[in-house]
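Subject: Structure for you to look at

Hello,

Here is the structure I promised. Please open it beside this email and follow along.

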Amino acid sequence: MTDNQEPILNKDEAATTRSSFLKLKLWQWWLLVAINISFLVAGQSAAVLLGRFYYDKGGNSKWLATLVQTAAFPVLYVPLCLLPSSEEPSTSSTSPSIRTLAMIYFFLGALIAGDNFLYSTGLLYLSASTYSLICASQLAFNAVLSYFINSQKFTSLILNSVVVLSFSAALIAVNDDSDGPSGLSKWKYIIGFLCTLGASAIYSLVLSLMQLTFQKVIKKETFSVVLDMQIYTSLVASSVSVVGLFASGEWKTLHGEMEGFGSGRVSYILTMVWTAVSWQVCSVGVVGLIFLVSSLFSNVISTVALAVSPIAAVLVFHDKMNGVKVISLLMAFWGFGCYTYQNYLDDSKARRARHEVNETHHDSLC
């Protein structure tokens, strides 16, 4: 993300943006959706596996692993420059000041940097499959925080999703036969679990705060605004990560780390480069789905991608998919299904309401 940089727009507003900017045939629209889903799933899965590979081959810098999650943000300038200028006016009579936007970008960027650091720490102490399964709890956190911050309706289906996903993550935590990196104590495993769980909560908080910013401050939902949010928060997050890298003294060990990397110096450099690129490929997929469909759909696909990483980890790193993980994975799918079905009901209700409004407007004109 990055796995931890997904902005959210209101579903109805996203649909309006889509219809305003994309005059495509249905099959062309679905093709673009499929491409962006591939970007998100492939980018997120590859980034998690490359992060685990970095640690397995001798990498040990948590701040470097944090930096690469946002360092490739300049690639987002490519779609930003290719975007047609939007003529959609802001819903606010006055645009927010540069100072206000700068403060928001700085706060969210610093929060993202801390979140990425927790994710990096969690991945250091956990296997790729366990890490991904615990990350599934972000959907439950998102439901709770959206209720309090964004006034999202809290239905029985969403409550069921929160409970099931929480138990799913807890089941992983108490798994005594965890297949974490060799040589790590149970205490470090617990630290990895708590860091990943905390990162998932902070990630959900970032999403809710971004949505609040779009609705209450920027009051304008366009693809360019979404990209601006990602670019400038990534700039701040990368700057904080660089400060952390030097302040912690980890920069002194990077040369020795590269020389002692299990697969060689070239592999070390390529791992860092492709990890950064993978996070941005994921980011492009996230933004693309927000633009083409809705932020909800993007979040749903991001959660589905979490289920792909454990399967890929079994194939690439030969992680053990034991009975506890299988049960946890099934519970995660059940919680995900409940959350998705509830949002499907909400979306269907919104579509019917819009259709009735359009029919009423048409009748009044006649």
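Asp-56 and Arg-52 form a salt bridge, with their closest N and O atoms 3.0 Å apart. Keep in mind that this is a predicted model. Why do these two pair up? Side chains of opposite charge can pair when their charged atoms come close. Now look at where they sit. Both belong to helix H2, which covers residues 26–56. Asp-56 and Arg-52 are 4 residues apart there, so about one helical turn separates them. How many salt bridges does a search of the whole structure find? It finds 2.

**H5 against H6**

Next, find helix H5 (residues 98–125) and helix H6 (residues 128–135). They pack at an angle of about 140°, and their axes are 8 Å apart. Roughly antiparallel would need an angle over 145 degrees. H5 and H6 are therefore oblique to each other. The crossing of H5 past H6 is right-handed.

Which residues meet there? H5 brings Tyr-119, Gly-122 and Leu-123. H6 brings Ala-128, Tyr-131 and Cys-135. Of the residues in this contact, 5 are nonpolar, 1 is polar and none is charged.

**A check on H9**

Helix H9 runs over residues 186–218, which makes 33 residues. At 1.5 Å a residue, H9 should span 48 Å. The C-alpha atoms at its ends are 46 Å apart, so the two values agree.

Best wishes

Key: Residues numbered from 1 in each chain as written. Predicted model: local features only at pLDDT ≥ 70, side-chain atom pairs only at ≥ 80, totals over all residues. Heavy atoms only, no water. Helix = DSSP H or I, 4+ residues; strand = E, 2+ residues; numbered from the N terminus. Expected span 1.5 Å × (residues − 1). Axes fitted to C-alpha atoms, helices over the stretch in contact; angles between N-to-C directions. Parallel < 35°, antiparallel > 145°, perpendicular 65-115°, else oblique. Left-handed = near helix turned anticlockwise from the far one by under 90°. Contact = heavy atoms within 4.5 Å. Nonpolar A, V, L, I, M, F, W, Y, C, P; charged D, E, K, R; others polar. Salt bridge = Lys/Arg side-chain N within 4 Å of Asp/Glu carboxyl O.
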